[in-house]
Each structure stands twice: as C-alpha cells, then as structure tokens.
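Good morning, and thank you for the time on the agenda.

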Amino acid sequence: MISKILKTFLECQKEQRPALLTYTVAGDSTKKQSLEIIKSIAEHADIIELGFPHNTPVADGGQIQESSHRALKNGIKLPDVFHIVKDFKQSKHAKPLILMGYFNLILQYGPLAFLKQCKKVGVDGLIVVDLPYPENKSFADQCKLHNVTFVQLLSPTTSKKRIKKIIKDSHDMIYYISMLSTTGGKLKVSPKKILSNYNKIKNINSKKNLVIGFGITTKTIATLKKADGLVVGSQLCKEITRSLQIRQNPVTNLGRMVLNLKRKII
Amino acid sequence: MIKIKKGIPLIDQHDKNFLYAKKFGGNFVPETLKKPIEDLTQLFEKLRYNKKFLKQRDYYFDNYIGAPTPFVKLQNLTRHLNGADIWAKVVSEANGGAHKIYNATVHCLIAKKAGKKYIVGDTGAGYAGKMLSMAAKKFGLKCKIFMGAKDIKRQKPNVDAIRRNGAEIVPVYSGSQTLVEAVSECMRYWVSNCDSTHMCVGSTVGPNIFVKICAWSTAQISRELKNQMTNVFGKIPQKVKLINCVGGGSSAMGFWSEFMDYSPIQIEFIGVEAGGPKNSKLHAAPLTNNAKIGILHGAKQYVVQDKEGQISETESISAGLDYPGISPLHCFLKDTKRARYTSATDEEALAAYQLVTKLEDISPSLEPSHAFAEAIKLAPKLNPSNIIVVNSCGDSLKDKFIIKKRLGSYIR
Ligand SMILES: Cc1ncc(COP(=O)(O)O)c(C=O)c1O
C-alpha cells in the first residue's frame, strides 16, 4: 500500500503541477484557531506541515519564532498537538499531515511513544530539524516501521557524496532547503540557481519526490513551479501576526493567501 | 559502568557519532551546518598536530595572552579560615581579564587558516565577546557579537570594551534575553552565513567541534598550573582540590584537563554551578539538581528543562553562569564520578567576593566567586596538608554595578 504522501505527489504530477505544502504552528494563536487555520488552508493546499513549537529553535527566523512564542504562551503541549491532528484528520478536507519540530521534545516524550501516538492520530510524516543524517538513522527506521514518512533534509551545503547516502535512506519525500538561511529569510539565491541544484539532486534519483522550501512567498512561488512540491511557511506565520495586529480573522486571511499561492502554480 | 580512558585526551573519548559515553554531545544541528562543521573538524584535526600551528599558538599564548598567569598563595584567607592551604590561579591576569581569551585566540587563528574574513560569537558575561572582539581586531577579522539584552544592561564594562574593539554587538531580545538566547541567535546567524563566516562558541558547549576547540584552548591553564605546582611544592602534592565555577564549563575543563589521569583522591575536581537566589526555585545548576538529559544547541547534555522538553528559565547573579546547559564533557565527568559538582547561591557568591577582596590582592568576578564560596565552606574542615586551588578566572571590575547595587558599595 502506498502512503498518502506518495499518493498526493502522484496526483499532483498527473495535474502537472507541484504539490503545495504549507507550514503553520500548532497552537498559534490558540489551539482552536490553529485547527481552524489548517482546516481552511487544506481546501487549497496538498500537504499540511504543522509545527510543534520549541522555545530554543536554532533554525527558525523571526516569523516562526513569533508564532512558536504565541503558541507556547498559550500553553500548547504535545498532547494538544496530537489532538489538533486527530480533529483535522477527521475533517472534510483532511490532507496528509507532517509534523515538524525539534528532537528534544520527541526525546522527552519517548521516541517510540511519540511514533505510536503519531500513528494513532494519523500523522503521515515527520520533519525533525535538528536530527540530521546519520544521527537520524535509528529514528528514521522506527518511523518506517510505524508507516510514518521521515522527511530527510538536503541543503546547498550538502556534499554530493552525502546527498547520495541521504537519498538512499530516504522515504517518500525529501526536502531541499533552497539557500543558506533560517526559515523566514528573503530569497537571496536566484530561482535559476535553486532549480539547477534541485535538478542535480533529481538526477541522482528522479523517482524521489523532492520539495523546495525556505524563502518561498506569493512573489517567488511561480518561478519554482517545476519542483515536485513547494513549501510556504514564514509568509503564513507572518500573516497570522499581521491579522492579529489589525484584529482580522487569521483563518479567512490564511485561507485566501493559500488560494492565491495555489493559483500561481497551476 | 562507563570509564574515562587513561592517556587519551578527554575531548577525544567520543564514538563515531561524537558522543561521550554514548549519550553526551553529538551534532544535533540543521543539515546546513553539517558541512561547515565537518570542514572545521577536519581543519582542526590537522592543525592540532601541526608543529607550525602549535608554535604559532604558543607564541600568541606567551606574548599576547601572557603566560603563565600567576599561581599565588592566599595567605590571609588561609589564616582566616584556619584549615586547608588556599591558593589561586589568577587567570584574570591574562590579557583581557579572563580565560575566554584562549578560546578566542585559537578560533581567530583557525578562522585565518580557513580563509574566513568574518567571525561571530556569543557572550553572556561579555568576556567571551570582549576577547573575541580583541583577538579579531588583532588578526584583522570583522567581528559580530551576539548578546542578550538583559546581559547588555548588566555587564556594561565589557559591552563598552567590545564596542571599543570595533565589533558590532547584536542585541538579542527573544526569551530570557540572556546567554542561552545569544547562543541560539548566533547559531542561526551562522546557518545563514556559514559560507563566509567563522563561528566561535564561547564555552565548551555546542556541536562537538566547538566543545573540542574550546577545551583544547583552555587546557593551557592546567599545563601552566602543573609546572607551577611542581616548582612550588617540588612535586604534585598528595591532596589537592581544584575548585572551579562552571557555566558552560570551559574554564573548569582547562583547569583540570592536565590532571585527568591522577587519582581523584590525589587531585579532586570540584565544579561549582550557579545556585541562583537563595529563596528562589530558579537556578542554573543542571548537574547539582539532577536535570534530565536533553538537547541544547546541538548537543546532548544535562539541561534544565520542563517535562515536555522546553528549556527552562534560569537565574543567576552571574551572567557567565546563567545558562541552562552544561558541557557534554562535564556530564561525562559527572557520570564517571571523576568530578563532583555542587552549587553556590547568589548570596554566597557575593559574600565570597567580599571576603576574598577584603583579605587578598585579588578581586574575583561573580563567576569565580561561586568557586571561592565552595572553598570557604570546605577549608575550615580540612587540615593544612590539603591544598585548595581556586581558578580565579575573572575580575570583579566587570560586575561593579551589580555589586554596588547589591552590597551598597564596590571595593576592589
Ligand atoms: C569570568 C568567567 N568565569 C566563568 C564563566 C563561565 O563559563 P565557563 O564555565 O565556560 O568557564 C564565564 C562566562 O562568561 C566568565 O566570564
């Protein structure tokens, strides 16, 4: 049986467009609202990435830090995150869902208990920002046993030799970080350069679904639409901040923003 | 039962995943940093065995930092406490005023070898930042220092020094606005700029290579001390206690490393963490308070955290010790029982500063005052055949405003 993530990529390929992936933080700005946000986004996005916030995030820029901060201030905990996922997976527009965060939370929860819970509520994949190859070997294997896709990351600094090894160990989706940056940075590399790196990776194994993330916004997304998938995160987190500041509803604003993103890549 | 191997530097006693005792340290970093860390690891492994590089290091240690720093008997304190024989290794006499200069100098030398023009670093007490900015200036590197907004306020003398050295200070406003946030922000900056910029981590924390470089650099302290003790006593005495404060643990590692293979009965290592205010639950003492193992800044370590794994808020009067984590090397020393760890409260550190300053020619900053607090507790219980050596690794001048506020006046 193929995974829901793989199925999604195959469907997008049929439609000759990249999959649209979104990232928002669980609990931002409340548990209930973050659930409403992903439900609204899921009408247009193909795969939902949901962050479980950590208070010492070494790879996140200002926008996602702010979202995480709001969520933590509201007391979000892992059981709440699982609850949000469960509710979402039972909703009308349920889509594949990937949890994303830092390893310490998984370590304290217990990696096996964490995976069991993931399976129970319907988590399809995991991105662990600070668990690179080969540190992730045993955890990634456990993910596979639980039918959870462990998403390996590649970056412009990853050597070719390493890329080959990582691809060999990868599951249904690989994430290419577009540039040297934390999340939320301005796209400082030309789309042409990004796609050329992207193609180098695809040439090693064209069957692997490779998504591009970091620095992608409504302004830049169209230039990268040759990819298998594109991730937008910080722009959405920033929109939540903005909506809250001007007392508008983030749920409708994010729904609209994601629809707009989708229109640019079909 | 895990054991320390004899004859092998402690920093090298890790497995292929860079873990000590299979559970401390490692490289839990974003993918982007894997390559720069690997490059730095290779470069450092080459340099540390390269005669020319060692000669260069020794030249700067001797002529720029000033070697050796004094080893002095604290006559009056010894008499006052009427027990153990108390000595100090006055590392604050090093250029710049603290042990942070060793790590900073070595990082600048490495950055030059790596062809980097920019260098960045974190700082809490401001010493790591002051030293890095000083060394960067000397070696012609452009320097940025990340510092928590709270620390910028409470460590003004060092902040002024950093600015005078021409470095840019980047204030960090997130979270606690102290060292833990400064290190995070510095790592984030490195993620975005690792192609052009060298990163220096200010203590024996962070991804493994930074733990190694830092401990390798501060080891100069115990190399000197070994010679000095041999000269003074004719040999290494039979009952010695080496007492050092621990924040990240770089001064303690440097103070102890040359004595690692001695029996703990002959040379005992005592690390003193920041216990925080007397009547507060907050502290920065993960080892003393049996914190659980977690991941902080790329390394597994005992770290002050909540049940979920969120890093907890810490508090200490001493900015340099105000850090929730601790070097993987000290976790290793704790688990193997080679070192013993305890803590001193803010009030005990202040009292120790006051007593030492009144009786002696030295005036320790609030970090080493934690170590002196433990020495003051222990000394009266021991007889004069016991020798206590305290690493006086910083000068109170940088804390004059805090001390004045807490004690009403500042004397040095
Ligand atoms: C004088 C002094 N001592 C000690 C420390 C604590 O760091 P470490 O434990 O790495 O020596 C600092 C840190 O800023 C310091 O400035």
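A word on angles before the first element: axes are lines fitted to C-alpha atoms, for helices over the stretch in contact, and angles run from 0 to 180 degrees between N-to-C directions. Please keep in mind that this is a predicted model.

With that convention, helix 2 of chain A, residues 31–41, runs at about 170° to strand 1 of chain A. This helix lies across strand 1 (19–25), strand 2 (47–51) and strand 3 (97–101) of chain A.

Those strands belong to an open sheet of 9 strands in chain A, with parallel pairing and the order 5-4-3-2-1-9-8-7-6. Its edges are strand 5 (149–150) and strand 6 (152–154) of chain A, each of which pairs on one side only. Elsewhere in the sheet, strand 8 (210–213) and strand 9 (229–232) of chain A pair in the parallel sense over 2 bridges. There, Val211(A) has Gly229(A) in strand 9 of chain A as its bridge partner.

I turn now to the interface. Chain B contributes 34 residues to the contact and chain A contributes 39 residues. Between the two chains about 2900 Å² is buried, and carbon and sulfur atoms give 52% of that area. On the chain B side, Glu31(B), Arg188(B) and Glu308(B) lose the most area to chain A, together 26% of what that side buries.

Across this interface of chain B and chain A there are 2 salt bridges. Glu31(B) forms a salt bridge with Arg162(A), with the closest N and O atoms 2.7 Å apart. Polar contacts between chain B and chain A number 20 residue pairs. Thank you.

Terms used
Residues are numbered from 1 along each chain as its sequence is written. Chains are lettered from A and ligands numbered from 1 in the order in which they are written. This is a predicted model: local features need pLDDT of at least 70, side-chain atom pairs count only at pLDDT 80 or more; totals for chains, interfaces and linings use all residues. Side-chain values use heavy atoms; hydrogens and water are left out. Contact means heavy atoms within 4.5 Å. Buried area is the accessible area (1.4 Å probe) that two parts lose on being put together, summed over both. A salt bridge is a side-chain nitrogen of Lys or Arg within 4 Å of a carboxyl oxygen of Asp or Glu. A polar contact is a pair of N or O atoms within 3.5 Å; within protein, one must be able to donate a hydrogen and the other to accept it, and residues adjacent in sequence count only if both atoms are side-chain atoms. Two strands pair if DSSP finds at least two bridges between them. Helices (H or I, at least four residues) and strands (E, at least two) are DSSP runs, numbered from the N terminus.
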